[in-house]
Amino acid sequence: MWEKLSLPWQAALEMAWEAYCDDCVPIGAVTTDAEGKILSRGRNRIYSARSEDGRRRGKTLAHAEIEALNQVDYEAFDPHTGILYTTTEPCPMCLGTFYMSGFRTVHYASRDPYAGSLDLLGKTPYLRRKHIRVFEPFDPLLEIVLMALYIEYEVVIGHNHIRKTDLYPIWQQVEPRGVAFGEALAQAGELRGRRDNFSAPQAFDWLLGKLVD
């Protein structure tokens, strides 16, 4: 699977894996110019004490998309030609940041039936002003793997106290295989035990292999 992915998607998955290995929500994002050159990278840091530059982050604000968008040099290129790639459908905060950044195109690899908010586009006069291009998940198996990684994280780390009452039932309605695979991963403990030895390509190829076995 890994070798078939474009460089932006590989970079976004690398950031998601880095977040997972840091016990943060496993979501990664990158921005590119119109030609696909990577401009910035970001990953969820809401449970990290400090970012790489040593600054302390606000726990609820350090989402992958915002981290990536905040690192762009907006004076160096036309943001209207910029593209955001994110492993998971943006939440309301990330959608708002993307919309106000000037970027016009977003790709996401996995739906988020609980917090995903791309359906807000066009719902208000302001959110109808800009022509936004949205590209939905392109690989059903990758989407299941990403959903499973998220569920495994929630089962093991347990930051989301509402997962059993709200998150799980909603996700199960949309992609029950992702929830079941994530719960199986959590119970087995294999993936978490391989974090120190797996690179992102190894992790996602291993996950795909487990899924299709």
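The structure is a predicted model, in which local features need pLDDT of at least 70, side-chain atom pairs count only at pLDDT 80 or more, and totals for chains, interfaces and linings use all residues. Residues are numbered from 1 along each chain as its sequence is written, and side-chain values use heavy atoms, with hydrogens and water left out.

I begin with the overall fold. The protein chain contains 8 helices and 5 strands; helices (H or I, at least four residues) and strands (E, at least two) are DSSP runs, numbered from the N terminus. Their order along the sequence is α-β-β-α-β-α-β-β-α-α-α-α-α.

Turning to the interior, buried residues account for 51% of the 213 residues. Buried means under 20% relative accessible area, exposed over 50%, and partly exposed in between (1.4 Å probe, protein chains only).

The largest nonpolar core has 55 residues, and those with the most contacts inside it are Trp17, Phe98, Leu191, Phe204 and Leu207. Helix H4 (residues 140-157) supplies the largest share of this core, 10 residues. Such a core is a set of buried Ala, Val, Leu, Ile, Met, Phe, Trp, Tyr and Cys residues joined through side-chain atoms within 4.5 Å.

Which residues are in contact with Phe204, leaving aside its neighbours within four places in sequence? They are Met1, Trp2, Leu13, Trp17, Val145, Leu146 and Leu149, where contact means heavy atoms within 4.5 Å.

I now consider two single residues. Gly182 lies in helix H6 (residues 176-188) and is buried, with a relative accessible area of 0%. Apart from neighbours within four places in sequence, Gly182 is in contact with Ala148, Ile151 and Glu152.

Asp23 is found in the loop between helix H1 (7-21) and strand E1 (28-32). Its phi is near 60 degrees, a positive value in a residue other than glycine.
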